[in-house]
Amino acid sequence: MARVTTVAELVAELRARIAEASDLGQAAAVLGWDQETMMPPKGAMFRATQQAALAGVIHERFTQPRVGELLSALEAPDTWTQLSDLDRAIVRVNRRDYDRATKLPAALVRDLAIATTEGVESWRKAREESRFDRFAPNLRRIVDLKRQEAGYIGSGASPYDALLDEYEPGMTAAQLQPIFVNLRQETVSLLDRIDRSGKPLDRTVLQQEYATPKQLAFTEVVLRKMGFDFEAGRQDLSTHPFTTNFGPTDVRITTRVDEHELGMALYGSIHEGGHALYEQGIPLELARTGLGNGSSLGTHESQSRLWENFIGRSEMFWTWALPLLRQEFPVQVANASPERMTAAVNQVERSYIRVEADEVTYNLHIILRFEIERRLIDGEIQVDELPSVWNEMMGQYLGLTPPNDRLGVLQDTHWASGLIGYFPTYSLGNIYAAQLWAALHRDIPDLDARISRGEFAVVLDWLRQRIFRYGRSLDGADIVERATGEAPNATYLVEYLNRKYGALYGF
Ligand code: ZN
């Protein structure tokens, strides 16, 4: 006699399959971490095939038709009503991941992999020679394939939205546009006031001999105080700082050190530490369910920026940190004050390169990229026009004209790697962070005084309760709205920047 499968059995089978795919994914992440931190140069020879083999197995397991059947069975109205809130979230988020993984034809996935591998190679050469025309044919191919991708996964909205949705689920260009226009206008006006103040901030205190071991020791002091759990993570060195994790109980960060510039290691560590606290703070019950990571890229970036900029570049932070820094570097910071350290780490400068940009100008670099890639994907501009469009917008936004493509349209690897729709999440991170920062101050009236005493636990506890607990079960904008009581908007970021830089530059 055939036995009817119970809802509990369906849930158990889905969870088991997802847990296995998650385990394999985290094993692949260990290989990725090793490649960037520990692997000797010749290890690269077989690492690529090892990773490709694992990626193939993960894709094959997760996209099995049985996974789709289980999702459909649990989505049926009479079954759905019997599910717990957690299981509903698991079904909803894994449905989205499953559709993304299965909707694209294998030929398109393969073409994209080839086009972006060749694209990155071509981009690297074109950037060296500072010639966009050398890279243009590759980018045309990538844009064409990304539009095809959008066609397969999109739900009828603009093709750009389909791409943005991968990095910031639920967000649309129409939602972003008014937020970014406001932020751009306010930032341009703030920059003018900073220029008119005629007050350059003195960075010389940072530019002395700072020995690497002591710098690293200091970053560990700061990370511990932030609440980074070294029993559930570690910090190593890499060329570009990053955070990765193999579950919430093993979260790895990296940093990099410049012996003649104190800020690089410190702010690299604080930034990645912010990402890491988020991953270490994900509830254990969400691990291996598809929900066991931070939510969107924007939400993730809000955590790194909150710690790096709102806390780490504040005078409150330096009131606490300077005496500890002086223990490591008694000569270098003998005459420094918290005010002087704060001024040194907040210098604003109009510059060509995004990754070197300060907290104020950074968003202009992002909004420019958002405007360009949106128009490109929606067919309003063509690849050949990019250098001229780029330079014209740099003039409007930052008052600069890049002298060549290397300092302009060729500086970032994102488009060559097929990462279109990714850039906006950086500024969303700043916008979310400012809104959370304001809510933190409403909930904890003596927050600034507590940060001055190094009492960061009060911040971490708040973030755990308002942000970390959801994992991926809510979209980024929804998490921010629940935490702060309103939908994301740029007002808080504009107010924060005006207040902070008005004080620093004396207007
Ligand atoms: Zn980051």
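This is a predicted model: local features need pLDDT of at least 70, side-chain atom pairs count only at pLDDT 80 or more; totals for chains, interfaces and linings use all residues.

Residues are numbered from 1 along each chain as its sequence is written, and side-chain values use heavy atoms, with hydrogens and water left out.

**Entry: second largest pocket**

I looked up the lining and got 22 residues, with S314, M316, Y496, R499 and K500 nearest the centre of the second largest pocket. Helix 13 (315-328), helix 14 (338-344), helix 17 (424-443) and helix 21 (491-505) each give two or more residues to this lining. Helices here are DSSP runs (H or I, at least four residues), numbered from the N terminus. Helix 21 has the largest share, seven residues. The pocket holds about 510 Å³, a volume being the space filled by probe spheres set on the points, with grid points joined across faces, edges and corners. By class I get 11 nonpolar, three polar and eight charged lining residues. For the classes, Ala, Val, Leu, Ile, Met, Phe, Trp, Tyr, Cys and Pro count as nonpolar, Asp, Glu, Lys and Arg as charged, and the others, Gly among them, as polar.

**Entry: cavities**

How many cavities of 30 Å³ or more does the structure hold? I find two. The largest cavity has about 80 Å³ of space, and its lining includes W123, R369, W390, D412 and H414. That lining splits into eight nonpolar, one polar and two charged residues.

The second largest cavity comes to about 30 Å³. N309, F310, E359, N363, N430, L493, Y496 and L497 line it.

**Entry: zinc**

Which residues are the protein donors of the zinc ion? I get H271 (NE2), H275 (NE2) and E301 (OE), at 2.1 to 2.4 Å. Donors are N, O and S atoms within 2.8 Å of the metal (3.2 Å for Na, K and Ca), and water is not among the atoms, so sites may look incomplete. Along the chain the spacing reads H-x3-H-x25-E. Both histidines lie in helix 11 (residues 262-280), four residues apart, about one turn. H271 and H275 are both buried, where buried means under 20% relative accessible area, exposed over 50% and partly exposed in between (1.4 Å probe, protein chains only).

**Entry: helix 6**

I checked the length of helix 6 (residues 106-129): its 24 residues at 1.5 Å each should span 34 Å, and the end C-alpha atoms are 35 Å apart, which agrees. The expected span is 1.5 Å times one less than the number of residues. Its buried residues include L108, L112, V120 and W123. Just after helix 6, S130 takes a positive phi of about 60 degrees.

**Entry: P403**

P403 sits in the loop between helix 16 (386-398) and helix 17. I count P403 as exposed because its relative accessibility is 57%.

Conventions:
On a 1 Å grid over the protein atoms alone, a cavity is a set of points where a 1.4 Å probe fits but cannot get out, and a pocket is an open set with protein on both sides within 12 Å along at least five of seven lines; lining residues have an atom within 4 Å of a point.
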